[in-house]
Amino acid sequence: MDCMHKKETCVITAGSSRRLAWSIRSAADGSGLNSSPTTSSSGGTRLIRAIEALLVKLDARIKVLRKNLPVKLLFFLVGFYCATAFATVIGQTGDWDIISAGLAVAVVEGIGALMYRSIPLLDEVRSFITMFNYWKTGLTLGLFLDSFKY
């Protein structure tokens, strides 16, 4: 029984017919407490592996967002400009406020419906609809920020 404090296989004999093989493992040496002592974990602790998996997913997401970034920023800024022009021109007369607000809501909801509804006919123009979604975001943010002007 001298092998209890070492990392090796102990053979305990109980009688003459039964033999058990035990493997004493420790988490202190970096091998972890896996079910099989021969399996080596390359990532360290579970926390490190979870953080590495999160970083891999985040890196993939950032790569997707960086695709066509200048065009996305252009559509966002054009939407912001349209919101400023829309609020300035329509606000001059005051007669068209209700109609223009209804039109803005209809455009925003229409783009949202096209963006988030799965229609097989629109799959070819999905990237175009996505760009208009960035325009819609710029328009919405611009109208929101314009509402705080005095």
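Helices (H or I, at least four residues) and strands (E, at least two) are DSSP runs, numbered from the N terminus. The structure described here is a predicted model, in which local features need pLDDT of at least 70 and side-chain atom pairs count only at pLDDT 80 or more, while totals for chains, interfaces and linings use all residues. Residues are numbered from 1 along each chain as its sequence is written, and side-chain values use heavy atoms, with hydrogens and water left out.

We can start with the overall plan. The protein chain contains four helices and two strands, and from the N terminus on these elements follow the order β-β-α-α-α-α. Of its 150 residues, 15% count as buried, where buried means under 20% relative accessible area, exposed means over 50% and partly exposed lies in between (1.4 Å probe, protein chains only). Contact here means heavy atoms within 4.5 Å. Among contacts between residues at least 6 apart in sequence, 40% join residues at least 24 apart.

The expected span of a helix is 1.5 Å times one less than its number of residues. Helix α1 covers residues 46–66, and its 21 residues should therefore span 30 Å, in agreement with the 30 Å between its end C-alpha atoms. Just after α1 comes Asn68, with a positive phi of about 60°, although Asn68 is not a glycine. This residue is found in the loop between α1 and α2. Is Asn68 buried or partly exposed? With a relative accessible area of 41%, Asn68 is partly exposed.

Next comes the way the helices pack. Two packed helices are described by the angle between their axes and the distance between the axes. Axes are lines fitted to C-alpha atoms, for helices over the stretch in contact, and angles run from 0 to 180 degrees between N-to-C directions. Angles under 35 degrees count as roughly parallel, over 145 as roughly antiparallel, 65 to 115 as roughly perpendicular and the rest as oblique.

Helix α2 (residues 69–93) packs against helix α4 (residues 126–146) at an angle of about 40°, and their axes are 7 Å apart. The two helices are therefore oblique to each other. Their crossing is right-handed; a crossing is left-handed if the near helix is turned anticlockwise from the far one by less than a right angle, and right-handed if clockwise. Residues of α2 in this contact include Val71, Phe75, Gly79 and Phe86, and those of α4 include Trp135, Gly138, Leu139 and Gly142. The residues of the contact of α2 with α4 divide into 17 nonpolar, four polar and two charged. In this grouping Ala, Val, Leu, Ile, Met, Phe, Trp, Tyr, Cys and Pro count as nonpolar, Asp, Glu, Lys and Arg as charged, and the others, Gly among them, as polar.

Two residues of α2 give a closer look at this helix. Gly79 is placed in α2 and is buried, with a relative accessible area of 0%. Leaving aside neighbours within four places in sequence, Gly79 is in contact with Trp135, Gly138 and Leu139. The C-alpha atoms of Gly79 and Gly142 are separated by 7.5 Å, although these residues are 63 residues apart along the chain. Leu74 also has its place in α2, but Leu74 is exposed, with a relative accessible area of 52%. From C-alpha to C-alpha, Leu74 and Gly138 are 9.8 Å apart in space, and they are 64 residues apart in sequence.

Helix α3 (residues 97–116) packs with α2 at an angle of about 155°, with the axes 9 Å apart. That makes α2 roughly antiparallel to α3. Here Phe86, Ile90 and Gly91 in α2 meet Asp97, Ser100 and Ala104 in α3, a set of three nonpolar, two polar and one charged. The axes of α3 and α4, in turn, come within 9 Å and cross at roughly 145°, in a left-handed crossing. The residues of this contact divide into ten nonpolar, four polar and two charged.

Finally, α4 has 21 residues that should span 30 Å, and its end C-alpha atoms are 30 Å apart, which agrees. Among its buried residues are Ile129, Met131, Trp135 and Lys136, and what covers the buried residues of α4 includes α2 and α3. Asn133 lies in α4 and counts as buried at 10% relative accessibility. Not counting residues up to four places away in sequence, Asn133 touches Ile111, Met115 and Tyr116.
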